[in-house]
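Hello,

Here is the structure I promised to pass on. Have a look, and then read my notes below.

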Amino acid sequence: MSSTQPTQSHHILISLGSNVDRQRYTQAGITALSTHLSNIKLSSTYESEAVGFAGAPFYNLVMSAYTTLDIAEVGRLFKEIEHQNGRLKTDKKFAPRTLDIDLLTYDDVICVEPVVLPRPEIEYHAFVLEPLAELVPTIVHPNTNKSYAQLWAEFDQPEQKLWIVDLTWRVK
């Protein structure tokens, strides 16, 4: 009889965006993530104007997945995938991105270290909240105790325009 404990799987929500060679890098990010995560589900792909700088429009989507990694390991994995896809550490916060991968939630964890969870932009960026409301409408945001569908219904930022793009991504 083995004395090792089974590894617990954690539900994570991820945002993925790109505004440089968008189809190539979005697919590369999904492919890389699918080799490390399980039970991946994707929202529709949304196109949005760049926020905070003048640049090409972004493709954005949200992923639901499961992992046995801890929060810090997930963060390192995301940074490694970004780096492998041409993202530089010197990139400014508001600048073009080959690939931008952010951990939005990790189960119902609320923390500030090793990263702030849930990510604050869930509540103020339409390109994060609308895909969440589409993909996981009944899941409740850990801080607000409101579902993502309810948060989206209450969202009032008409200057953030989004368009669904008819794209299909390959998930391993």
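In these notes, buried means under 20% relative accessible area, exposed means over 50%, and partly exposed lies in between (1.4 Å probe, protein chains only). Please bear in mind that this is a predicted model, where local features need pLDDT of at least 70, side-chain atom pairs count only at pLDDT 80 or more, and totals for chains, interfaces and linings use all residues. Residues are numbered from 1 along each chain as its sequence is written, and side-chain values use heavy atoms, with hydrogens and water left out.

Let me start with helix α2, which covers residues 71-84. (Helices, H or I with at least four residues, and strands, E with at least two, are DSSP runs numbered from the N terminus.) Its buried residues are I71, V74, L77, F78, I81 and E82. They share one side of α2 because they cover an arc of only 135° around the axis, taken from the directions from the helix axis to the C-beta atoms. The face turned away from that buried side carries the exposed residues R76, H83 and Q84.

What do the buried residues of α2 pack against? Their partners are β1 (10-18), α1 (22-34), β4 (58-67) and β5 (100-106), with contact meaning heavy atoms within 4.5 Å. Just after α2, G86 has a positive phi of about 90°.

One more side-chain detail: the charged end of R22 sits over the ring of Y59, 3.8 Å from its centre. That label requires NZ of Lys or CZ of Arg within 6 Å of the ring centre and within 35 degrees of the ring normal.

Best wishes

How values were computed:
Expected span 1.5 Å × (residues − 1).
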